[in-house]
Amino acid sequence: MRKWIFAGFFLGVSFFVLTGCQEQQRSADFKGPLLLSVDFQSGVALRYKFVSERQIELAFESSGKDARKSGRNQTYNEKLEMEISYNPTEIDPYGYSVIEAVCDSVKVTRSSRDGRGHNKSDAVESAVGRSFTIKITPTGKIVDYTSLENLVKELGGKSFTQTSNSGRVKDPDMIMDFIATQWHLWDAVSSVKNPLKGLKKGHKWKSQMLAPMPFVSKKGRDVEYTFAGTVDVNGVSLAEITSSYTLSGLSPEGIPMPYTGSFQMRGTFGFLRGYQVNSLTGRGRLFYDIERGLIQSDVQQYHTEAAASVFGLATANLSIDQTITMTLME
């Protein structure tokens, strides 16, 4: 009989991408209420794949002329792929559990509209083989980020590979994407108010998450979750939780900045100034394996409109499409 960690019946958050080859139907068996918590079993490591990718379209306007009409728009793509294993080292069903995370693989790829790739190593790729520990409550709330924050700052230091006459120069990196995936691992669970009451279909609750950008930023997105009901996929009962995103007026609390001191950015986003995020909208969908208590997968998508100045002589409009996914590897 499976050992449950929380009050004798311990349910974990599951995110599962439903594909066309899987049999899916609404489940009438689950009566609820749904209890959400995070399930780790002693000696059992969980391995996940994370992908954070975005397409950025950059259009310049000068003297009131729309750059899109003059063909001056540019497109860039960035993609971070990681595989991370989570190993429970201490499990306390009524207190704090300690999880050791190991970065098994990290890869960043970049390209522009002209097909040119950018092969320079990204600082976040130096996380391969590194580990960090997090301390969590039975509902997945991370209460100690110290080890993760130390790794983030170390990665940030590796972004500076050159110093120019005008000061430090920072290479492009996707460290904030790394932070976004790890800082909010179980946000849909840990943000539920009064979790012992459970959730009924249609229940809504709110939270806030980081929205990584191609430029240096700690912009946040306000999140509203909805328990949409349950589905059966190949005989597995899953709870469906949807989410919607809007631009937050505040930065997410406690998010560290990987860099210290003054610096300038290398590349396209280095010569732009005064970034302003004007809008952010998006949606997400996750599935919760009610029986196994495991995260299967999570999909988050949002669109951002932003603007910046080109040395005060022109305006650059940025259109960003971002997708973040998390998938259990079995």
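This is a predicted model: local features need pLDDT of at least 70, side-chain atom pairs count only at pLDDT 80 or more; totals for chains, interfaces and linings use all residues.
1. Start with helix α2. Its buried residues are Leu148, Leu151, Val152, Leu155 and Gly156. They sit on the same side of α2, because they cover an arc of only 140 degrees around the axis.

2. Next, the dimensions of α2. The helix runs over residues 146-157 and has 12 residues. From first C-alpha to last, α2 reaches 17 Å, close to the 16 Å expected at 1.5 Å a residue.

3. Now look at lysine 170. It lies in strand β9, residues 167-170. Is lysine 170 buried or exposed? It counts as buried, because its relative accessibility is 2%, and the cut-off for buried is under 20%. The side chain of lysine 170 has a polar contact with the side chain of aspartate 173, at 2.8 Å.

4. Then the cavities. How many of 30 Å³ or more does a search of the whole structure find? There are four. The largest cavity has a volume of about 180 Å³.

5. By type, the lining divides into 12 nonpolar, five polar and three charged residues. Helices and strands both contribute: α3 (175-183), α4 (187-190), β11 (220-233), β12 (236-247), β15 (295-310) and β16 (314-328) each supply at least two lining residues.

Terms used: Residues are numbered from 1 along each chain as its sequence is written. Side-chain values use heavy atoms; hydrogens and water are left out. On a 1 Å grid over the protein atoms alone, a cavity is a set of points where a 1.4 Å probe fits but cannot get out, and a pocket is an open set with protein on both sides within 12 Å along at least five of seven lines; lining residues have an atom within 4 Å of a point. Grid points are joined across faces, edges and corners, and a volume is the space filled by probe spheres set on the points. Helices (H or I, at least four residues) and strands (E, at least two) are DSSP runs, numbered from the N terminus. Ala, Val, Leu, Ile, Met, Phe, Trp, Tyr, Cys and Pro count as nonpolar, Asp, Glu, Lys and Arg as charged, and the others, Gly among them, as polar. The expected span of a helix is 1.5 Å times one less than its number of residues. Buried means under 20% relative accessible area, exposed over 50%, partly exposed in between (1.4 Å probe, protein chains only). The arc is that of the directions from the helix axis to the C-beta atoms. A polar contact is a pair of N or O atoms within 3.5 Å; within protein, one must be able to donate a hydrogen and the other to accept it, and residues adjacent in sequence count only if both atoms are side-chain atoms.
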